[in-house]
Amino acid sequence: MSSSGRAFFGRESELAAVFDVVGRVPAAGLVTVVVSGEPGIGKSSLLAETCRRLRDQGCAVAAAESDDVSRRIPYAAVATALRSVPVADDVRAALDALDLTSTPDATWFGRSCELVARVLTGLTAERPAALVLDDLDHVDDDSLAMLAVVLRRVTAAPLVLITAARTHHHNPGVGELLDRLERHAEVVRVELAPLSGGDVARIVETVLGTPVDDGLAHEVHQRADGNPFFAVEIARSLRELDLVAVDGNRAHLTVSPSAIRLTRREAVLRRVAPLDRDTRAVARAVSIFRRVRLDQIGLLARVSSLPEDTVVDAFDGLLRAHIVVRDDDRGYRFSHALVGEALYQEIGPAQRRHLHSLISARLMDDRERGLAVDEMELAWHLAESAPPGDLRAIRVMARAAAANRTGAPETAAALCARALELLPVAAPERAGLLASQCRALAHASRPAAAIAPGLAALDVLPPGPDRSRCAVVVLTSLFLVGRMAEALSLADAELATGDAPAALHAQRALLLVFTGRHAEALAAADRIEAMPFTSAAEGVVVFDRLAVITSMLFRHDKTVEYANRSLRSAAGQPILELQALAVGASTGALAGLVHDATWRLRRAEELRERTGGHAFRGELEMTRVALDWFGGAWDACLERVGRAAAELESRQELMMLDGLRAIELEVRTWRGELDVAARLAALAPPTSPNMSRLHALALAGYLAARGDAEGARTTLVEAVDEDGMTAYSCVLLGRLVELDLAHGRVEEARQTVKRLCGVAADRVAPWTVTTVRRVTGLAERDGDVLREAVREAEAGGLVFEKARAQLALGVVDRDAVPELLDAYALFQRLGAHGLRRQAGGRLRELGAKVPRARAKAPGVLTEAEENVARLVQQGMRNRDIAAALHYSPRTIEVYLSRIYAKLHVSSRLELARALDARA
């Protein structure tokens with residue numbers, strides 16, 4: 001990473017904060033520092049100074065800067081960082097892997113991640129190392145995806161990731177990367193504020209080479225808004241305009257400040273104003289390239305319409321003026337991105353397009369003559385210059401997209417979008433481009449975005465394999481975002497066109513279940529199982545869908561069988577195996593098949609570490625959340641929900657998001673965090689049948705906790721259909737039994753138990769069996785049945801359900817003191833204090849000693865939790881607290897959950913009172 005050459009002023013405290021983090025790395029493992037601020041505020045200078053000092057200390061540093069050009073090149077940031085470290089076999093192997101000159105196979109991403117992780121681990125072999133990424137908001141999306149995987153693998157290594165990004169940027173991939181990092185490592189944020197007047201005065205003195213008076217320093221500080229880059233440019237402009245004089249060894253303004261017409265942008269453009277006309281023309285041409293190599297001088301001459309000798313002299317002049325600087329082995333770039341941006345904007349849009357066209361024409365000529373041409377560089381210039389209808393440019397972009405669809409799906413989708421903008425509406429290439437864009441977006445886990453191009457492709461694609469593949473992708477995407485009726489209509493239309501593959505039939509059967517047509521779905525499932533498959537991928541899709549169908553219809557023995565057959569159908573292909581495992585795991589987890597889901601999740605995570613990729617993040621996160629819920633790891637459950645919800649919402653994976661919110665509502669209600677639960681309960685209910693029933697289960701619990709027993713009862717009754725075939729019908733009926741028993745409706749409860757036993761007669765899932773036996777034992781006061789419920793829950797890995805069965809047993813059987821003590825301990829650990837108090841009260845009735853809750857001494861909260869708690873005490877809202885502490889509102893909710901559990905409180909008012917008492 002190159003420095004700007006300016007003296008380092010005014011950032012000593014921020015630099016100390018960065019090195020404080022670096023000092024924690026040997027003990028903590030991976031730690032991330034995010035430096036943010038407006039353009040020119042000094043982010044790059046701070047990172048450059050950090051790199052210099054780290055290298056002086058003997059630390060290995062892999063560094064990369066990104067810009068608009070590199071953002072269009074897949075894996076450019078990762079490759080640049082690797083090139084900045086000493087070349088060794090592992091570095092060379094990683095760089096070779098990232099050279100996407102040939103179409104990557106299914107395992108390419110995972111192998112490449114392994115090679116990059118090996119390089120980073122090797123850098124930390126003898127001492128801590130740093131990965132420094134400047135302009136993170138300009139890092140290409142594919143590098144961000146790879147870093148999310150690689151950095152997860154090296155969390156134990158003494159590595160610090162130091163990044164810089166503009167405060168207000170529009171790259172959602174940056175937020176996703178940092179959110180994922182926060183799951184496994186500490187993330188420290190350093191915001192660069194404007195420099196003080198004294199620091200700006202020191203900068204001006206350096207530029208002018210003499211001390212300055214207070215009036216001049218104040219004027220520069222005010223016009224630059226404390227921004228060091230603009231302070232330098234304004235000071236230079238004032239000197240070049242002869243508006244500064246030196247008297248008595250001190251510089252001062254020669255005119256009144258009101259007479260000066262100089263804005264920040266004008267100051268930047270004045271950097272090149274003293275240059276002669278030819279040199280300035282070359283500077284504008286360089287702004288089109290953004291980065292230029294010496295072997296492109298001839299092309300630069302053509303773009304600037306100047307003789308090559310003149311361009312050589314002008315280019316050297318730009319170097320001497322420090323307007324252009326050497327960028328390691330990548331060529332030459334502007335000394336600051338703002339200079340390039342100002343010059344680029346100075347060129348009119350028509351002229352910019354013309355210059356891009358000249359560059360692309362030369363690159364096309366070179367390619368036709370057999371010379372090596374960077375396909376992505378050519379595609380970018382064509383995207384900026386090609387006129388509508390330029391089929392040659394469109395085909396170049398289409399080829400570049402196809403080459404990057406597997407390894408760099410975000411880049412591929414963007415190229416398809418630009419090519420489609422240029423393509424005539426009736427052009428025959430449109431269908432293929434739309435289908436390619438749809439598949440790239442789906443591969444990047446962006447189902448909502450994939451739907452529109454997929455539907456447009458189906459409007460024009462003829463019958464055949466391409467159409468069928470596109471249809472399956474569109475149907476899956478519609479399903480994931482909850483548009484069930486639309487998906488079913490499309491499936492019916494596709495099947496009516498002729499000989500549809502088994503995958504389309506399976507997708508339609510799944511939609512039948514989700515629209516309440518259960519008998520049709522079961523009949524279709526039996527037919528589909530016997531259909532031939534055209535590929536391993538189709539076999540995986542078909543059995544995945546059959547597993548979900550049978551889970552929804554409570555045939556969980558068949559669910560496990562189909563999930564296993566899906567895995568076998570993958571035939572050892574890693575991506576297909578990952579799909580089979582992820583779908584099987586999420587299906588099993590939501591059904592309460594804890595052990596089955598756990599091993600599938602473990603294998604999926606191991607496989608994803610090897611193969612990487614973007615796919616199935618929603619399914620895997622849903623599995624983790626559900627397993628934490630059933631397994632009694634509620635703190636981890638809520639943390640995962642907080643981190644995953646934003647990503648799922650941004651991708652519009654609404655069904656998974658609805659599941660997460662339902663589980664969060666359930667957990668927060670049991671914990672008594674009713675103010676947080678109220679926000680979740682107020683959200684619009686899910687539209688998909690399975691998630692709407694899971695939400696109804698949680699909502700009924702919340703209403704009952706609020707004292708609205710009738711509202712809770714109505715919610716439960718309306719959620720179960722007459723034949724009990726709806727999703728979660730058994731646990732919904734079980735909650736109805738417990739609600740009626742709690743309010744003295746014993747006869748109604750017994751009638752519901754009879755109905756429940758009839759519905760659940762042939763169901764084998766541990767969650768169902770445990771629920772049936774628990775409520776039956778409670779209604780009939782039968783200790784033996786309740787002991788069966790305890791055993792069933794324990795065998796099924798249902799930690800919380802086991803404790804609930806133990807509590808029920810303690811209510812019925814006076815000899816169940818050991819079980820009550822176990823339940824009491826678990827409820828205390830989970831923060832389910834209402835249930836803990838019930839268990840404690842029953843223990844007292846039986847004359848048993850109630851374990852004492854540990855007294856919460858001052859300091860039980862971490863420093864971060866204490867900060868959040870104090871701001872709550874002051875009456876601040878979550879949004880305001882998040883802004884004050886530079887967290888997201890979801891992170892504040894996670895903190896509040898921990899605070900409530902530690903202090904045994906359930907509302908903001910109780911928290912304030914607890915803190916007052918401690919004080």
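The model is a predicted one, in which local features need pLDDT of at least 70 and side-chain atom pairs count only at pLDDT 80 or more, whereas totals for chains, interfaces and linings use all residues. Residues are numbered from 1 along each chain as its sequence is written, and side-chain values use heavy atoms, with hydrogens and water left out.

Helix 16 (residues 349–368) and helix 17 (residues 375–385) have axes that come within 8 Å and cross at roughly 145°; helices here are DSSP runs of H or I with at least four residues, numbered from the N terminus, and axes are lines fitted to C-alpha atoms over the stretch in contact, with angles running from 0 to 180 degrees between N-to-C directions. The contact (heavy atoms within 4.5 Å) involves, among others, Ile359, Leu363 and Met364 of helix 16 and Leu378, Trp380 and Leu382 of helix 17.

His833 lies in helix 42 (residues 833–845), and it counts as buried because its relative accessibility is 4%, buried meaning under 20% relative accessible area with a 1.4 Å probe and protein chains only. Leaving aside residues up to four places away in sequence, His833 touches Trp670, Gln828, Ala901 and His904. Its C-alpha atom is separated by 9.1 Å from that of Ser906, 73 residues apart along the chain. The side chain of His833 also makes a polar contact of 3.2 Å with the side chain of Arg836; such a contact is a pair of N or O atoms within 3.5 Å, of which, within protein, one must be able to donate a hydrogen and the other to accept it, and residues adjacent in sequence count only if both atoms are side-chain atoms.

Ser729, in helix 36 (residues 729–742), counts as buried because its relative accessibility is 0%. A polar contact of 3.1 Å joins its side chain to that of Arg763, and the residues that Ser729 touches, not counting those up to four places away in sequence, also include Phe554, Val720, Gly724 and Val759.

Turning to the aromatic rings, the count comes to 12 aromatic pairs, where rings of Phe, Tyr and Trp (its six-membered ring) pair if their centres lie within 6.5 Å, and planes under 30 degrees apart count as stacked, over 60 as edge-to-face and the rest as tilted. Phe479 and Phe514 form an edge-to-face pair, with 4.9 Å from centre to centre and 85° between the planes. Phe479 belongs to helix 22 (residues 465–480) and Phe514 to helix 24 (residues 502–514), 35 residues apart, and the pair thus links distant parts of the chain. Both Phe479 and Phe514 are buried.

Terms used
Helices (H or I, at least four residues) and strands (E, at least two) are DSSP runs, numbered from the N terminus. Buried means under 20% relative accessible area, exposed over 50%, partly exposed in between (1.4 Å probe, protein chains only).
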